[in-house]
Amino acid sequence: MATPPAPTPDLADSLRLAVTRLARRLRQHADVSASPTQVAALSTIERRGPLTLGELAACERVRPPTVTAAVSRLEARDLVRRTPDPTDRRVARVEITAAGRKLLARTRSRKTAFLAQRLGALDARERAVLAEAVVVLDHLLDEEGRP
């Protein structure tokens, strides 16, 4: 069995550039009423919440002041709410509200519509390659498999 070629800096650089450009284009099609940091925090709260601010900062890999500011802005817009921790009343947990879920759904719908329109311009072979690439990217990003 042949050994696959070793990854090259060129591949890493090309992948980084393509992913960065795609992320930028998707941000341009997001709901403009929330910043990318706020949308990312809201998504994490939806997926993993309710969370403490420290847990959210760790999940997002940002500093606590960044999370505190984002959550304060989200809370002011009724997209999240803070609730006391049931086991430690000194700790607050942040959970998503119905309005927060609605904003995420709208943002995801807009981004998906943009991607669907762009994918429609590709031929079947190119779409098949991308379908396989999604699996590979998920594997690449799998935190469980990392040392």
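Which residues have the most contacts inside the largest nonpolar core? The notes below take up this question after a word on the model.

1. **Basis.** This is a predicted model, in which local features need pLDDT of at least 70 and side-chain atom pairs count only at pLDDT 80 or more, while totals for chains, interfaces and linings use all residues. Residues are numbered from 1 along each chain as its sequence is written, and side-chain values use heavy atoms, with hydrogens and water left out.

2. **Confidence.** The average pLDDT (the predictor's confidence in each residue, from 0 to 100) is 90 for the protein, and 95% of the residues score at least 70. Helices (H or I, at least four residues) and strands (E, at least two) are DSSP runs numbered from the N terminus. Where pLDDT is low, the predicted coordinates should not be read in detail.

3. **The core.** The opening question has this answer: L42, I45, L56, V71, L74, V80 and L103 have the most contacts inside the largest nonpolar core, which has 17 residues. Two or more residues of this core come from each of helix 2, helix 3, helix 4, strand 2 and helix 5 (98-119). Helix 2 gives the largest share, four residues. A nonpolar core here is a set of buried Ala, Val, Leu, Ile, Met, Phe, Trp, Tyr and Cys residues joined through side-chain atoms within 4.5 Å. Buried means under 20% relative accessible area, exposed means over 50%, and partly exposed lies in between (1.4 Å probe, protein chains only).

4. **L103 and its contacts.** Contact means heavy atoms within 4.5 Å. With neighbours within four places in sequence set aside, L103 is in contact with D31, S33, A34, V39, L42, R77 and L79. L42 also has a place in the list of core residues with the most contacts.

5. **I96 in strand 2.** I96 is found in strand 2 and counts as buried because its relative accessibility is 7%. Not counting residues up to four places away in sequence, I96 touches L42, I45, E46, L79, V80, R81, R101 and L104. R16 is 80 residues from I96 in sequence, and the two C-alpha atoms are 31 Å apart in space.

6. **S43 in helix 2.** S43 lies in helix 2. Is S43 buried or exposed? S43 counts as buried, because its relative accessibility is 15%. Residues up to four places away in sequence aside, S43 touches L104 and R108.

7. **The largest pocket.** About 1600 Å³ of space lies in the largest pocket. Of its 33 lining residues, V19, L22, A23, L26 and L115 are the closest to the centre. Helix 1, helix 2, helix 5 and helix 6 (124-141) each supply at least two residues of the lining, and helix 6 gives the largest share, ten residues. By class, the lining has 24 nonpolar, one polar and eight charged residues. Here Ala, Val, Leu, Ile, Met, Phe, Trp, Tyr, Cys and Pro count as nonpolar, Asp, Glu, Lys and Arg as charged, and the others, Gly among them, as polar. On a 1 Å grid over the protein atoms alone, a pocket is an open set of points where a 1.4 Å probe fits, with protein on both sides within 12 Å along at least five of seven lines; lining residues have an atom within 4 Å of a point. Grid points are joined across faces, edges and corners, and the volume is the space filled by probe spheres set on the points.

8. **Backbone points to check.** The peptide bond from G49 to P50 is cis, with omega near -5°; P50 lies in the loop between helix 2 (36-48) and helix 3 (53-60). R61 is not a glycine, yet has a positive phi of about 55°. This residue, R61, lies in the loop between helix 3 and helix 4 (64-76) and counts as exposed because its relative accessibility is 58%. D78 also is a residue other than glycine with a positive phi, near 60°. D78 is found in the loop between helix 4 and strand 1 (80-84), and at 47% relative accessibility counts as partly exposed.

9. **Two exposed aspartates.** D10 lies in helix 1 and is exposed, with a relative accessible area of 60%. The C-alpha atoms of D10 and V80 are separated by 42 Å. D138 is found in helix 6 and is exposed, with a relative accessible area of 51%.
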